[in-house]
Amino acid sequence: MESNLFWYIWNHTKKQQIWILTIILLSMPIYFISLDLPKQIVNGPITGEGFEHPDATARFLTIAFDLPQFLGGGHIELFSGFELNRMGYLVALSMAFLALVCINGAFKFYINTYKGRLGERMLRRLRYDLVDRVMRFPLTHFRRVKAPEVATMIKDEVEPMGGFIGDAFVQPVFLGGQAVTALAFILVQNFWLGMIAFGVVAIQAYIIPRLRRRLLVLSKQRQITARALAGRVGEIVDGVSEIHLNDASNRERADISSRLGEIFFIRYELYQRKFAVKWLNNFLAQLTPFMFYLIGGYFALRGSLDIGQLVAVIGAYKDLPSPIKELIDWDQQRLDVQVKYSQVIEQFCPDNMLDPKLQLPPEGPVPHIEGPLALAGVGVIDDTGARLLENTSLTIQPHERVAAIGPINSGAEAVAEVLARLMPPSTGRVTINGAPLEELPEAFTGRRIGYIGPDSYFPHASVRDVLLYGLRHVPVRGQSQEDQPREPTDRLLAEAAASGNTTMDVNADWIDYEGAGLSGPEDLMPRFMDVLMMADLHADMFDLGLRSVIDPQASPEIMHRALEARSHLRRMVSEPPLNQLVEVFDPERYNNQATIAENLLFGTALTDTFATPNLPTNAYMRKVLREESLEDRLTDMGREIAETVTDLFAGLPPDHPFFEQLSLMSAEEIPDYKAILARLASGGEISADDRAKLLKLAFGYIEPRHRLGLMDGQLRDRLVEARKAFRAHLPAGLEGLVAFYDPDVYNVASNLLDNVLFGRIAYGIADGPRRVREAMRSVFAELGMEHAVIEAGLNFNVGSGGKRLTAPQRQKLALARVLMKRVEFLIVNRALSALDSRNYAEIVERILAASREDPHRPFGLFWVLNNPDLSPRFERILKFDQGRLISDSATAGEEIGRETARKTAMAQ
């Protein structure tokens, strides 16, 4: 990128700059005439010059000019104008002045709007260029930079440049043109007044920029310290668990306080100097009118300057300080922005950046891996100087399955990263198909080679999007029907082209079906099932699907099937041996396995209004309880619960395991409830807050779980009646805030598991939840709904970085993502470490089988094993130690590999 911001702007906007500069030059004569009109109005119709007689007239809008002597001289009149009396002439000149004001305003509006759009386009281009460069950084560079700092530079530090980019060439010409025009007008009126104005302007232009040099240094310091603060905050967010585990929160607070203090003093000095310069600038601006009044008044009294000229001079100077001040501000902004631009560019110009040509979309079919992957004398030294791999030479055939074993950091990991192009070799050469690896385009390495390491990162997206990430290379079809843009696509793409951004439509279908061995979208689900089985994610996706809330518009079919499953499951749990495991929801009966709050609401709250924690204070719920004569009864129940719990648990420490079984009250709440009981025992009136806290205890009560003997048949019946009243008399403003349970209706606010179960699992029955889940699985299998449930699980959002998944699920999902794109050579570098040995071995077996039997195209393997005992299952074993390849041996699987290679060659 250009190191000079002005060259960067000019190279990309020269046509637009020339156009807007032309418009500015065309506006200057209009501006000059608007300065001269006040003098004509004062000297003409107002003071009476030229109207000495009552019937005197003057010509308005005469168009005439004198030819120069070298053209023969003479006077040419194109239009004689209009003959007007004194009043008519005053009105005509005033209306002309108003018209010029409007024309000048139109010029300013057009110029400001045009340069604003120009600035925003260039800011968009600059941010795009910076992100583009981030994606071409050498991967080793990311070990030395912090992600929040890079994001801050792109988001915040270039933001001021957007406002300046539009002004870079326009502002000095526009403001300078206005200032020069005003100075020229003053000089024409009176030479000495013009020299006074010019002298003050010269002093301002000389002194102010020099006083502001210290501001540049302070601005640079503020920028660097703010960037460092952003990086430090990012570290705190990423490492917050370590902070808590090590009781380091106070140390982090002290560090942040110190950094904020440094920024405070920099900004305070910046404010002091900025306003000192502003005061001086304003003083000089006010000094000139004083001299105009004094010296101009003297000239007027002497008769060498008429009143109209003095008024015109003062009016012209009134407009002069603003452009001069803005020009000085522009120069300050120019220096400030250039410093910021230079600093940003320094951070985005590391050595050994990836050639942009290697990331271009391929013009034709991407070649396959036909030749060997070869390392010739490869050595690897990291950025700290540690030698990770000694002089190593190695050749791996395209469909060979190789196991690499050795202790941690033995050198096998470095080979895996070199083959995946994650780490450049310090010495030696790596080739694939005989071509140097560093010269191969990413379209080849990204589609033909797969890599999974010990850590994987996922964007904030659904499981489906994570699995498809490796198939989205370039748009391959028209616009996706699932994700329509909010604006016309052609408008968005046209603006992208004008801003120098890519014109590839993000809303198009990017999935490379052909590369994945699929004929179209209809083949995606079978492929999902295959890779989920290979990665042992099938059961996980089934569970995620059960816990997912189904979108009724996106999946209407699964809702109908879920009602069928509900009916089947209800028949199963109504008969032995499952009849004691589940108590289903029935609008006419109290559900003993649910809380009192759940029985009263009998539905799922769609907003916080009827959320369980808010029910004790909800006005409508309290109204229903009073009308049904239940408020006092439930308050007394809450009092009995409080008395029992405080008596039983008062002497126990807060970390006692008994509190884990107590869902009604936490250890920290016991003192509050003791105080409430003491106030009630003294005969005091119960407050609204105390009543709400006691109702909270009652609302959370479940008789089979808590077993305090507080429920009887009469209370159950009254609660069912209150439930019906709550639903029947729900006010209009609260309708639609609860999705009520209905045996024949799918509850769109509940997850799939709750909809199919439509009840609560009984407490106190050994292994009850597992047996119910197995029964549900059998129902789904019988109805052929397993794929539908897993499809719902594919819509589960994994969270930022996949943090909503467990560590084993994240690692298996990373493997499934690589398998999804059907690579031709898979590199596994100490991955799946969170799995137990049995699960790990099963996945290794599945991947080996798939690599040999894949009907689309068998693939090769380079697997750095966590368990060396599995190495005999591969065709070849490489043993590393202390950065060296110490042995290379074939196994019994070598013959299998040869046979696979022979079959592959015959098929081709």
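User: What do buried and exposed stand for here?

Analyst: Buried means under 20% relative accessible area, exposed means over 50%, and partly exposed lies in between (1.4 Å probe, protein chains only). The model is predicted: local features need pLDDT of at least 70, side-chain atom pairs count only at pLDDT 80 or more, and totals for chains, interfaces and linings use all residues. Residues are numbered from 1 along each chain as its sequence is written, and side-chain values use heavy atoms, with hydrogens and water left out. In this structure, Phe 740 has a relative accessible area of 17%, so Phe 740 is buried. Phe 726 is buried as well, at 1%.

User: How is a pair of aromatic rings described?

Analyst: By the distance of the centres and the angle of the planes. Rings of Phe, Tyr and Trp (its six-membered ring) pair if their centres lie within 6.5 Å; planes under 30 degrees apart are stacked, over 60 edge-to-face, and the rest tilted. The count here is 15 aromatic pairs. In one of them, the centres of Phe 726 and Phe 740 are 6.4 Å apart and the planes meet at 70°, so the pair is edge-to-face.

User: Which parts does the pair of Phe 726 and Phe 740 tie together?

Analyst: Helices (H or I, at least four residues) and strands (E, at least two) are DSSP runs, numbered from the N terminus. Phe 726 lies in helix H26 (residues 713-728) and Phe 740 in strand S13 (residues 738-740), so the pair ties together parts 14 residues apart in sequence.

User: Which residues do ring pairs link into a cluster?

Analyst: Phe 585, Phe 602, Tyr 741 and Phe 758.
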